[in-house]
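This briefing goes through one structure by topic.

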Amino acid sequence: MSSKGSEVIIDSLRKQGVEHVFGYPGGSVIPLFDSLYDVKDLKLFLVRHEQAAAHAADGYARATGRVGVCVATSGPGATNLVTGIATAHMDSIPLVAITGQVKVPLIGNDAFQEADITGITRPITKHNYLIKDVADLPRIIKEAFHIASTGRPGPVVVDIPVDITLAEFKGEIDLPIDLPGYNPSVKGNVKQLKRVAKALAEAERPLIYAGGGVILAGASDQVRELAKKCDVPVTTTLMGLGVYPETDEKLSLGMLGMHGTAYANYAVMNADLIIAVGARFDDRVTGRVDAFAPYAKIVHLDVDPTAISKNIEVDIPVVGDAKHILDGLLELVKQKKHPEWIEQIAKWRRDHPLSYADGGLKPQFVVEKIYEVTGGDAIICTEVGQNQMWAAQFYKYTKPRTFISSGGLGTMGYGFPAAIGAQVGCPDRTVVDIAGDGSIQMNIQELCTAVQHELPVKIAILNNGFLGMVRQWQELFWDRRYAHTTLDCQPDFVKLAEAYGAVGMRAEDPDEVEPTLREAIGNGRPTLIDVRVEPEENVFPMVPAGGKIDEMIGPKEPELL
Amino acid sequence: MRHVISCLVINKPGVLARIAGLFSGRGFNIDSLAVGETEAKELSRMTIVVHGDDAILEQIRKQLSKLIDVIKVSDFTDVDFVERDLLLVKVHAPPAKRPEIMQLAEVFRGKVVDVGPRHLTVELSGPEHKIEAFLEVIRPYGIKEVARTGRIAMARGAQPTESTRRKN
């Protein structure tokens with residue numbers, strides 16, 4: 001049975017279990033879109049900017065655990081995906097980006113809407129392909145999905161020239177993949193596991209430092225079991241929020257690092273054993289590398305060997321899949337208690353809670369209200385900056401895949417399209433994008449996407465009229481010289497939402513916040529809420545860049561018991 | 001410290017660019033890079049000479065291994081191996097000086113591959129120190145042009161290079 005290249009693409013996607021794709025058409029992908037036109041089991045969500053297609057596929061992947069798929073045309077369509085691909089790459093998100101390309105004979109000729117997207121995305125993809133022969137098409141798409149979703153996940157670009165999508169294909173779709181150079185570790189080394197178990201048995205002040213890798217591996221249950229069995233407090237990175245329920249007032253330390261809780265940072269700096277799982281000792285977490293965790297033996301469990309001892313010297317590395325490794329470890333460890341360490345941590349928690357001063361409509365208050373009104377059961381997406389940090393601090397995450405944020409690249413404009421992707425993947429959940437007035441304007445055109453596809457995403461803009469996080473740095477370190485961070489011109493967000501056919505709401509008083517949120521969440525429509533918050537509020541605690549993480553601006557000096 | 005690394009890679013377009021990009025993107029120092037076919041036509045061997053301490057070398061090895069197109073990475077540190085560069089050098093050679101230069105080339109077991117009224121081109125292969133020594137010896141005559149390849153290397157003994165220590 002023969003078919004066209006474009007039909008082969010769709011069949012291959014189907015074989016991978018793809019049901020939702022985010023994309024925008026163009027000349028080089030007309031054949032593909034034409035073949036998609038009659039397909040019922042694979043739905044394309046039309047965005048309004050290709051960057052949003054990439055972010056939506058990314059948010060979809062983070063919310064569901066499946067591979068996100070986006071499609072764009074050649075040239076500017078493909079280059080518009082670049083920021084989204086780089087975002088996914090930094091956070092290790094499984095993404096397959098299919099880009100159109102000019103006809104094979106025209107490649108390299110500066111043809112109309114041609115871009116060397118495989119060259120451009122080489123450093124920001126886990127791998128990429130340019131298809132030159134329609135016979136390779138099904139195998140490469142299968143390989144792309146395999147590479148994107150296994151080992152340390154990441155984005156894969158498949159560049160498909162338009163004549164390939166029109167070419168006649170004869171043969172098998174389901175061919176074996178051929179990747180002799182790719183063999184990610186799964187099981188951890190048993191000897192190393194025994195060393196970890198021994199270190200844990202001997203430690204008196206142990207700590208689990210869990211990152212996004214735990215969520216990617218689906219190992220949150222294992223982390224919880226380990227924490228409870230051996231009485232080990234857990235701190236997470238921004239990417240790991242939700243791994244351990246933050247409602248556990250005994251063992252959950254919340255987030256660590258530059259804007260983490262004081263008690264998480266004190267715990268790290270005083271621990272004698274740190275078990276890092278699926279985290280990469282990023283500079284936002286470590287602060288000054290030579291001063292990080294001075295008393296701790298470091299255990300690092302990770303699927304990617306390059307992450308081990310990249311920034312911090314690791315004492316006991318174990319390479320493999322987090323779930324497998326932790327399952328193996330759980331069989332080796334014994335129950336234990338650390339009453340003094342837990343008591344010390346409880347004291348730090350009592351003395352240095354996250355806090356903010358009263359007076360006006362505070363952004364932290366808005367996040368707390370979102371937590372209350374959603375029952376802590378929403379999927380929270382964020383933009384980048386102060387809005388992101390307050391969303392991480394003041395909402396208590398209890399389940400994985402409920403906090404969706406651009407951590408590594410810090411991409412403003414990520415949150416709203418990611419929320420759209422999350423809503424597509426989880427149609428029965430409440431999805432809220434916590435945004436700033438700067439970030440939300442970067443992909444505001446996606447209000448059309450939400451309205452067209454009836455995706456009832458809620459956007460809560462913490463509107464302070466500033467590029468908040470940069471303004472904070474300028475206030476603290478640059479003599480309050482607000483160079484170009486005052487976003488003087490701002491649209492009337494309510495009118496803007498209504499212009500797009502969405503619902504627009506505003507809250508200007510603390511008393512208005514809860515009823516406005518309740519109405520928004522119950523209305524079943526895409527809704528934008530303009531919350532006018534105190535303009536010069538800062539995110540605290542704060543570890544100055546390159547500082548020691550127990551020397552924070554904000555809380556007072558720690559006391560050791 | 002200088003290290004010689006040998007990578008077995010898939011022979012297809014873009015692999016060289018990917019590896020070069022990896023090095024430049026992460027700020028690793030390449031002294032030289034040579035790539036060519038192997039006994040298997042779908043595979044190429046890339047020999048890279050890098051500069052750095054043990055920690056950097058470890059990162060380089062692991063980052064290279066992570067690439068999908070790289071099959072195996074071998075490190076020649078602490079292993080007995082043969083290494084060769086190829087040199088072509090055009091020397092200023094008026095007729096009076098020609099015999100001397102040809103004798104020097106013979107001492108180094110080089111070959112004269114081009115001759116003209118005022119120049120000689122010598123081809124020489126060998127380990128780095130031999131190449132350097134020859135260049136020093138003929139420098140006084142006037143070097144007009146030099147072209148050098150990167151290093152290629154192979155483990156001594158019957159075992160293939162990929163079975164030497166320090167693989168991925």
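Domain bounds, as used below, come from an automatic or database domain assignment. The model is predicted, and its scores are ipTM 0.86 and pTM 0.94.

**Domains of chain A**
- Chain A is assigned domain 1 (2–170), domain 2 (190–351) and domain 3 (363–532).
- Taken over C-alpha atoms, the centres of domain 2 of chain A and domain 3 of chain A are separated by 30 Å.
- The contact between domain 2 of chain A and domain 3 of chain A involves 13 residues from domain 2 and 13 residues from domain 3.
- On the side of domain 2 of chain A that touches domain 3 of chain A, there are seven nonpolar, five polar and one charged residues.

- Chain A contributes 13 residues to the contact with chain B, and chain B contributes 14 residues.
- Sorted by class, the chain A side of this contact consists of six nonpolar, five polar and two charged residues.

**Nonpolar cores**
- The largest nonpolar core has 181 residues, and A:V223 and A:I274 have the most contacts inside it.
- Helix α3 (residues 50–64) of chain A gives this core eight residues, the most of any contributor.
- Another core, of 20 residues, lies apart from the largest one; B:I19, B:M46, B:I48 and B:L64 are among its residues.
- Setting aside residues up to four places away in sequence, A:I274 touches A:L207, A:Y209, A:V268, A:A293, A:A296, A:I298 and A:V299.
- In soluble globular proteins, nonpolar side chains tend to be buried together.

- Strand β5 (residues 81–92) of chain B contains B:L88.
- B:L88 counts as partly exposed because 16 other C-beta atoms lie within 10 Å, and the partly exposed class falls between 12 or fewer (exposed) and 20 or more (buried).
- Beyond its neighbours within four places in sequence, B:L88 is in contact with B:T121, B:E123 and B:A147.
- B:L88 and B:T47 are 41 residues apart in sequence, and their C-alpha atoms are 20 Å apart in space.

**Confidence in chain B**
- Chain B has a mean pLDDT of 90, with 96% of its residues at 70 or more.
- Residues 164–168 of chain B have pLDDT below 50, and this stretch has 14 contacts in the model beyond near neighbours in sequence.
- Where pLDDT is low, the predicted coordinates should not be read in detail.

Definitions and conventions: Residues numbered from 1 in each chain as written. Chains lettered and ligands numbered in written order. Predicted model: local features only at pLDDT ≥ 70, side-chain atom pairs only at ≥ 80, totals over all residues. Contact = placed C-beta atoms within 7 Å. Nonpolar A, V, L, I, M, F, W, Y, C, P; charged D, E, K, R; others polar. pLDDT = per-residue confidence, 0-100. Core = buried A, V, L, I, M, F, W, Y, C linked by C-beta atoms within 7 Å. Helix = DSSP H or I, 4+ residues; strand = E, 2+ residues; numbered from the N terminus.
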